[in-house]
Each structure stands twice: as C-alpha cells, then as structure tokens.
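Let's take a walk through this one together. Have the sequence and the model open, and follow along.

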Amino acid sequence: MLPVITLIGRPNVGKSTLFNRLTQTRDALVADFPGLTRDRQYGIGVVGPQPYVIVDTGGISLAETGVEALMQRQVQHAIEEADHLLFLTDARDGCTPGDLDIAQRLRRLDRPVTLVVNKSDTLDPVLATAEFHQLGLGEPVAISATHGRGVRDLLEWVFAGFPVAAGEPATDETESGIRVAVVGRPNAGKSTLINRILGDERVVTFDSPGTTRDSIFIPFQSRGRPYTLIDTAGMRRRARIDDTIEKFSVIKTLQAIDAAHVVILVLDAHQGIGEQDATLAGHIIERGRALVVAINKWDGLDPDQRAQVKTQFARKLAFLDFATMHQTSALHGSGVGLLLEEVDQAYANATRSLSTPELTRLLEAATQEHQPPLVRGRRIKLRYAHQGGRNPPIIVIHGNQTEAVPETYRRYLINRFRRELKLMGTPLRLEFKTGS
Ligand code: GDP
Ligand code: GDP
C-alpha cells in the first residue's frame with residue numbers, strides 16, 4: 001500500500017506551499033463532499049521510484065468547540081491514517097506556544113513524527129533549528145518550502161525509516177486473480193454494487209479489517225475464475241459507521257487504485273459528473289490503471305434524462321474515451337453481470353504482448369497517412385516501434401528529432417494505435433527516443 005505522509009502544524013507555517021511543491025503539477029484531490037471540510041488536500045508525490053500519498057490537513061487550531069472542534073476531529077482522523085507525520089513550524093516566528101501545544105499532543109501519539117522548521121530560507125540551519133529542540137521531537141530539519149531547500153533531504157530521511165518500499169504492484173495476476181478496486185464518491189453505490197457482485201458469487205474467505213484505514217480484500221470466484229475485490233466503501237462495517245467522514249477515505253481510494261489491476265469507477269447518474277469524479281478519473285489514468293466505468297443508478301431516469309446524462313458524461317469525461325461505459329443499476333442488478341466480463345477484457349488488453357513488426361507496421365501506416373511535422377526545416381522521422389512495458393501498455397517509438405513531436409501528433413498516434421490494436425479499457429503510453 002502507498003505510504004501516507006501527513007502535514008500538520010499551525011496555519012501559515014507553509015504546509016500548502018510544501019504540499020504544492022511535493023505534488024507539483026498533479027491535481028490535488030480536495031475532499032469537498034458534504035460533511036468534510038474543504039481544507040484537507042490529498043495528492044501524490046514521488047521520491048525516486050517511490051510514490052506516496054501526501055495529505056495537507058489545513059491548520060491545527062486549539063479551540064475545543066464548534067466548527068473548530070469538528071476540524072480537530074478531522075485532523076485527528078488524518079493523523080490516524082498517516083504513516084508518518086511532518087510537523088511544520090516557522091523559523092521566522094520561532095517556537096510559539098501553539099507549537100508547544102501541538103508537540104505535546106504529538107508526543108502522546110504512537111506515530112513517527114519529523115519536526116520540520118520551514119522558512120529557513122537563507123538562515124544557517126543550526127541557528128534556525130536551535131530553539132525547536134525544546135519541542136522534544138528529535139532533531140529538527142530546516143527547509144525552505146518556497147525555494148525547495150532541504151526538501152529532498154527531508155524526504156530521503158523520512159523514507160529511510162520505511163522498512164519496505166511500496167512501489168508498483170505486480171503486473172500479473174496471481175492465484176488470487178485479477179485485483180479489482182471499486183471506487184467512486186460517497187453514495188455512488190459502491191457498497192450496493194459490491195454486494196451485487198458478491199451476492200451471486202462464492203466468497204472464498206473473508207478477513208476482517210485490522211484498522212480503520214485498511215481497505216478490505218475480498219477473494220471470490222466468478223465463472224470459475226478467481227478475483228480479489230478491493231472494497232473501499234467499508235460495506236461490511238456499515239452498522240458501526242454513521243458518518244461520511246469515517247466511511248469515505250480518499251487515502252483508501254488512492255491506495256486501492258494503486259493496488260488494483262483494474263479499477264471500476266462508479267458514477268452516480270442521478271447526481272451527474274462532479275469535479276471529484278473527474279479528478280479521480282485523472283488519477284486512475286495517471287497511475288496507468290485499466291478502467292471500467294459503471295454509470296450507476298440508471299434506473300428511475302426517463303428517456304430524456306438518460307439522453308442528458310449521456311451527453312454530459314461524454315463531454316465532461318472526454319478524456320476517458322478509452323474506457324467502456326456501462327449503465328448499471330446496482331439496486332436492481334441490471335448491467336452488473338457484464339462488468340466482470342469488461343474487467344477481464346480491460347485486463348487482457350492492458351497486459352497484452354505487442355510484437356515489434358506489428359507495431360512498426362502500424363507506425364509506418366500512420367506516418368504515411370499523416371506525416372509528422374517539419375522542425376527547423378527538417379521532417380521528424382519515426383522509424384520503428386516496440387513495446388516498452390505492460391499494464392499499462394507502453395509503446396516506444398524510435399526516430400529523429402523525437403523530442404519535438406507535438407502533442408497533437410502524439411494524440412493522433414495514440415488514437416491510431418488504440419483503434420488498430422483494439423486496446424480499449426486501458427491507458428496507453430507513448431515514449432519517443434532519438435537514435436536507434
Ligand atoms: P499553511 O497555512 O501552513 O498552508 O501555509 P501556506 O503554505 O499558505 O504559507 C503561508 C505563507 O508563508 C505564504 O505567504 C507562503 O508564501 C509563505 N511561505 C511558505 N513557505 C515559505 C518559505 O519556505 N519561506 C518563506 N519566506 N515563506 C514561505
Ligand atoms: P457508497 O457510499 O458508494 O457505498 O453507496 P451505497 O452503496 O451505500 O449507496 C448509496 C445509496 O444509493 C443507497 O441508498 C443505495 O440504496 C442507493 N443506490 C445504490 N445503487 C443504486 C442504484 O443502482 N439505483 C438507485 N436508485 N439507488 C441506488
């Protein structure tokens with residue numbers, strides 16, 4: 001599972017600046033569901049080969065009542081979900097009473113904490129950190145989030161403490177079959193869908209969850225084939241869980257996507273497409289996971305509404321053109337049976353072997369029909385192609401001036417390869433190399 005690094009500290013110490021630096025251009029997932037504050041942000045960072053989830057908790061305040069108290073509860077929840085806490089302080093403010101209070105609470109927790117002194121900018125690190133030793137949280141690390149100074153060292157220090165790197169999931173299915181993650185926003189119908197899928201099938205065994213932050217892995221069989229469902233919805237723990245905050249976890253969702261071979265993204269036809277759905281879909285693509293989309297709650301819509309939903313989905317999810325869209329009613333069961341067949345197909349496509357002669361032939365046909373552009377008076381030449389990876393498929397194209405291939409031409413080639421090779425249900429990546 002992806003490790004989780006969580007930023008905490010008073011407001012204005014530079015948490016979101018550090019968050020933005022670590023996630024760079026990647027979209028942040030903001031938990032803007034009803035019942036969750038907007039303040040918490042989730043993103044994916046990478047250090048070396050190691051991806052990790054980064055969480056910005058907003059600010060810790062000291063109030064014990066009202067909205068502030070609710071936030072405290074959420075920060076508390078975020079802390080419980082963390083593998084490692086980065087406690088940020090501000091070199092320019094020095095060590096404040098607020099820092100002392102937070103430190104006191106942190107010392108009581110059974111969580112690894114690194115004390116970070118931000119805004120150290122041009123200060124001597126030894127001087128910048130001196131007064132923070134009194135917080136009793138070990139050696140403080142001086143960084144500057146705006147300039148990036150010390151940030152890399154900080155991450156390497158944090159990850160040195162993790163016994164095993166999570167890394168990429170195994171490409172191939174094991175005896176426990178294709179791992180399928182069912183994700184989507186709260187109330188989209190994930191639990192109902194999972195119950196439907198499992199209802200008709202034999203559940204082999206069931207492990208009860210260790211902690212609240214673990215997703216549940218449920219092995220089952222369908223049509224004689226093994227699968228493992230990764231349940232992010234916590235359907236087995238329903239009775240105990242009375243609010244969205246505890247039930248829905250962005251972290252679980254990100255980790256489940258990362259651990260899956262194929263993702264089923266459940267969308268709610270009654271609600272339409274939200275910002276969150278698009279961000280989630282973008283994340284699935286970025287992680288290169290095969291994808292099946294279930295447009296759920298298809299029941300109870302009249303023909304006009306159905307047409308509207310279809311138009312809206314096609315427009316807002318145009319970048320998901322490679323995924324098959326399925327209308328389902330988890331409540332009544334219609335369309336659900338087909339989903340697993342689509343999962344098989346998406347997985348088969350994602351892991352298919354593509355031969356060099358076939359890829360090269362398709363590349364030649366594509367460049368003949370539509371030549372690459374001229375760059376500084378010389379035409380870009382694309383000579384041959386071979387497969388560079390599976391799940392997702394990567395096609396490596398060799399030629400001259402390949403660094404100048406424009407985005408439009410890249411898209412043209414991707415669409416062409418996808419169509420000719422019938423690679424539906426999986427992202428497809430192109431890499432260009434100049435020289436042989
Ligand atoms: P947050 O409330 O903890 O998320 O803090 P922000 O990231 O919003 O930062 C608060 C202010 O501190 C902003 O004006 C930032 O530009 C500034 N800031 C953040 N990091 C640094 C830093 O390393 N050096 C300096 N000089 N300013 C910083
Ligand atoms: P989750 O939060 O994504 O796990 O969503 P649930 O499975 O708990 O479903 C949320 C609500 O939507 C429940 O009241 C379900 O009965 C309802 N629901 C789920 N699937 C469907 C569907 O296909 N059609 C309709 N009409 N309601 C559904």
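How many bridges join strand E18 to E19, and do the two run parallel or antiparallel? Keep in mind that this is a predicted model. Strand E18, covering residues 394–400, is joined to E19 by six bridges, and the two strands run parallel. To find one of the contacts between them, look at Ile394: its bridge partner in E19 is Arg429. As a general point, strands of a sheet pair through backbone hydrogen bonds, either parallel or antiparallel.

Now zoom out to the sheet. It is open, with three strands in the order E17-E18-E19, and its pairing is mixed. Strand E17 (381–389) and strand E19 (429–434) are at the edges with a single partner strand each, so one side of each has no neighbour in the sheet. From one strand to the next, the twist averages 25°. Helix H12, residues 356–369, lies across E17 and E18, and runs at about 140° to E17.

Next, head over to ligand 1. It's surrounded by 14 residues, and the closest are Gly14, Lys15, Ser16, Thr17 and Ser144. Which helix gives the most to this shell? That's H1 (residues 15–23), with three residues. Sorted by class, the shell around ligand 1 holds eight polar, three charged and three nonpolar residues.

Finally, step back to the whole protein chain. There are 13 helices and 19 strands in it. The chain has 436 residues, and 39% of them count as buried. Among its contacts with a separation of 6 or more, 72% are between residues 24 or more positions apart.

Key:
Residues numbered from 1 in each chain as written. Chains lettered and ligands numbered in written order. Predicted model: local features only at pLDDT ≥ 70, side-chain atom pairs only at ≥ 80, totals over all residues. Near = placed C-beta within 6 Å. Helix = DSSP H or I, 4+ residues; strand = E, 2+ residues; numbered from the N terminus. Nonpolar A, V, L, I, M, F, W, Y, C, P; charged D, E, K, R; others polar. Pairing = 2+ DSSP bridges. Axes fitted to C-alpha atoms, helices over the stretch in contact; angles between N-to-C directions. Contact = placed C-beta atoms within 7 Å. Buried ≥ 20, exposed ≤ 12 C-beta atoms within 10 Å, placed from the backbone.
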